[in-house]
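Biologist: Could you show me the model, please? I would like to go through it with you step by step.
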Amino acid sequence: MKRLLVAFLLVVVSIPFMLKADKSKPRVNEVAPVLPYSYSQVLLSSPGLRSPAADLLFMNLCYLTGNDVFNRWKERKFTEEEWKRLIENVEVIEKLDPYYFDPLYYLGSYVPWKVEKNRELLLRINSILLQGNRRVKDWRLPFFVGFNYFYFLGDKVKGAKYLKLASQMKGAPSYLKLLVPRLYAESGRINLAIAVTYEELKRAKEEPVKKELKRRLKALIAMKELDRALELYRRRFGKCPSDLKELVKSGIIMSIPEDPYGGKFYIEKGKCSVWTTSNLRPVKEPTSSR
Amino acid sequence: MNPFPVAKITFEELLKEKSFIGLLTLEVFLLFVSKLISNVVAGDTVKVAMDFALSFFFFTVALYSVFVSVGSTFRDVSDRVVYLILSKPLKRSDYVIGKFLGCTLAVALFTFLSFFIVTSGILTISSTANLYVPHVVVVERVFLLSLLVFLMGVFLSAFGILFAILFTSQVLALISAIFLFLAGLELSPVKELVVSSKYVSPVNKLIVQIAYYLFPNFSLFDVKDYVVHLAIKVSPLFFASVFIYSLIYTSAVLLVATYLFDRREL
């Protein structure tokens, strides 16, 4: 018993020395860099532990991103090279655990805003998301791809293609069905926009969605007719009319159709095509103040 | 005389061992660790907790199988119990088979209790987690994993007995069995990387492929992903193939073990 007491006392006596040594221990740079992980190295160093290894890598990724977001490293933010590594690490995680959704969600929802100027990285993100979507059947993945295409990369046609894919998946919100034709229309592909809207109308079950799609279809058909009239005018007079009223004056159309959204159709000068002031969204009535 | 009395004695002796209750307690502790780790991650915490809890379950059963098979066989020799047993009208091969059956029973009980602990743990974690989309836990899938883990334990026990007969040092036998297990887990990934690599010579590729066919493939028993991700489907043919594979390979290992034990000088 005496010996045990002495042993305990010796441990207690050693504590200040341990604390002193710990304080004076040489430290590595506390700004943790984003390290690149190789799939084969992680795979071989974690036999039978692929999924926990993927979890730990994702935790590390969240920790580093958290530091960046909350500005814990006051002296710096992530460099573009580090964002690139981060994207590559998500790719490693997805190889280790191909059904893991959260890293893909992180990659699609957050990272593009940080690398919005880098086309190559945005395309890489899209490729990882599409690869992930082969296994993880979640509408948000093609949605992120579509969003990246139309918002960051300026490719509305591809954007619409992936949003359409997302809108057809289980759990997708109904507004996506309306967003797709609008993107096609904005990119000047009215025929495609009409076809997609018509297709969605056949598939839609909820009455409010059906009503919205019918309104969209009506507006698109009106735009299509005006486009055709513009083409005729151009052939006849060899120039683009400055106003839609000229189409009526020249007798090509009887009257200018109404925009079901409450806006007004007009000619986009540079393109000589028709668009509307409503942007294919319901125009809000100005509230009158008493 | 048949091997069953040896099996019965081995089983009873193994139940009294501290490692049985010790490793089960460790498993309960590791469940709490899994829960703690999962709290750190963003998103689906139940998925992460399950990943860790099932991995701990997988490795605990593997360790238990190695410990009991190597330890029990070695103890018989070092305590000279084996002389007493073999003085009875019992063939040496029956002794080895009896030892194996006793270990199999102990591994079966250990796996069953572990299954109970792990399932209760992950069901509790899943029901208390605050997720937008709940992570569904399918108990049948955990049970199927447990069956495969049990087969793996039986397979490893056979190797444990073989190494205990082959080596004269218990530590060496234990380390060899553990390394064999880890190497068996790495087999599929190594083959996947080597075969798809353009930097590996055709000779080395051939060596790896031969090793892949002959070496025990423990990664076949690892279907943790099937339990965690409900989108993964596994055909009944897979389970049947793994069962037949482990049955045939275990028989082969036991044959070698009985052959060596027949020729071993005691």
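Biologist: In what order do the elements of chain B run from the N terminus on?
Modeller: This is a predicted model. In it, the elements of chain B run α-α-α-α-α-α-α-α-α-α from the N terminus on. Chain B is therefore as compact as a globular protein of its length, because its radius of gyration of 20 Å is close to the 18 Å that the globule rule gives for 266 residues.

Biologist: How many helices and how many strands is that?
Modeller: Chain B has 10 helices and 0 strands.

Biologist: And what does chain B span along its principal axes?
Modeller: The C-alpha trace of chain B spans about 65 × 50 × 35 Å along those axes. Of the 266 residues in chain B, 49% are buried. Chain B exposes about 12900 Å², and carbon and sulfur atoms supply 72% of that area.

Biologist: What share of the contacts in chain B comes from residues 24 or more positions apart?
Modeller: Among contacts with a separation of 6 or more, such residues account for 83%.

Biologist: Let us turn to salt bridges. How many are there over all chains?
Modeller: A search of the whole structure finds 17 salt bridges. One of them joins the side chains of E13(B) and K99(B), at 3.9 Å from N to O. E13(B) lies in helix α1 (residues 4-15) of chain B and K99(B) in helix α5 (residues 92-128) of chain B, so the pair ties together parts that are 86 residues apart in sequence.

Biologist: Are those two buried or partly exposed?
Modeller: E13(B) is partly exposed, with a relative accessible area of 21%, whereas K99(B) is buried, at 1%.

Biologist: Which residues are linked with E13(B) and K99(B) in a network of salt bridges?
Modeller: The network also includes E17(B), R75(B) and D76(B).

Biologist: What about chain A? Which side chain meets R124(A) in a salt bridge?
Modeller: The side chain of E88(A) does, at 3.4 Å from N to O. R124(A) lies in helix α7 (residues 119-133) of chain A and E88(A) in helix α4 (residues 80-96) of chain A, so this pair ties together parts that are 36 residues apart in sequence. R124(A) is partly exposed, with a relative accessible area of 30%, and E88(A) is also partly exposed, at 23%.

Biologist: Which domains does the assignment give for chain A?
Modeller: It gives domain 1 (33-153) and domain 2 (173-282). The C-alpha centres of these two domains of chain A lie 39 Å apart.

Biologist: Are K47(B) and D97(A) buried or exposed?
Modeller: K47(B) is buried, with a relative accessible area of 2%. D97(A) is buried too, at 0% relative accessibility.

Technical notes
Residues numbered from 1 in each chain as written. Chains lettered and ligands numbered in written order. Predicted model: local features only at pLDDT ≥ 70, side-chain atom pairs only at ≥ 80, totals over all residues. Heavy atoms only, no water. Salt bridge = Lys/Arg side-chain N within 4 Å of Asp/Glu carboxyl O. Helix = DSSP H or I, 4+ residues; strand = E, 2+ residues; numbered from the N terminus. Buried < 20%, exposed > 50% of the residue type's maximum accessible area, 1.4 Å probe, protein only. Domains from an automatic or database assignment. Rg over C-alpha atoms; globule rule 2.2 N^0.38 Å. Contact = heavy atoms within 4.5 Å. Areas by Shrake-Rupley, 256 points an atom, 1.4 Å probe, with all protein chains shown as cover.
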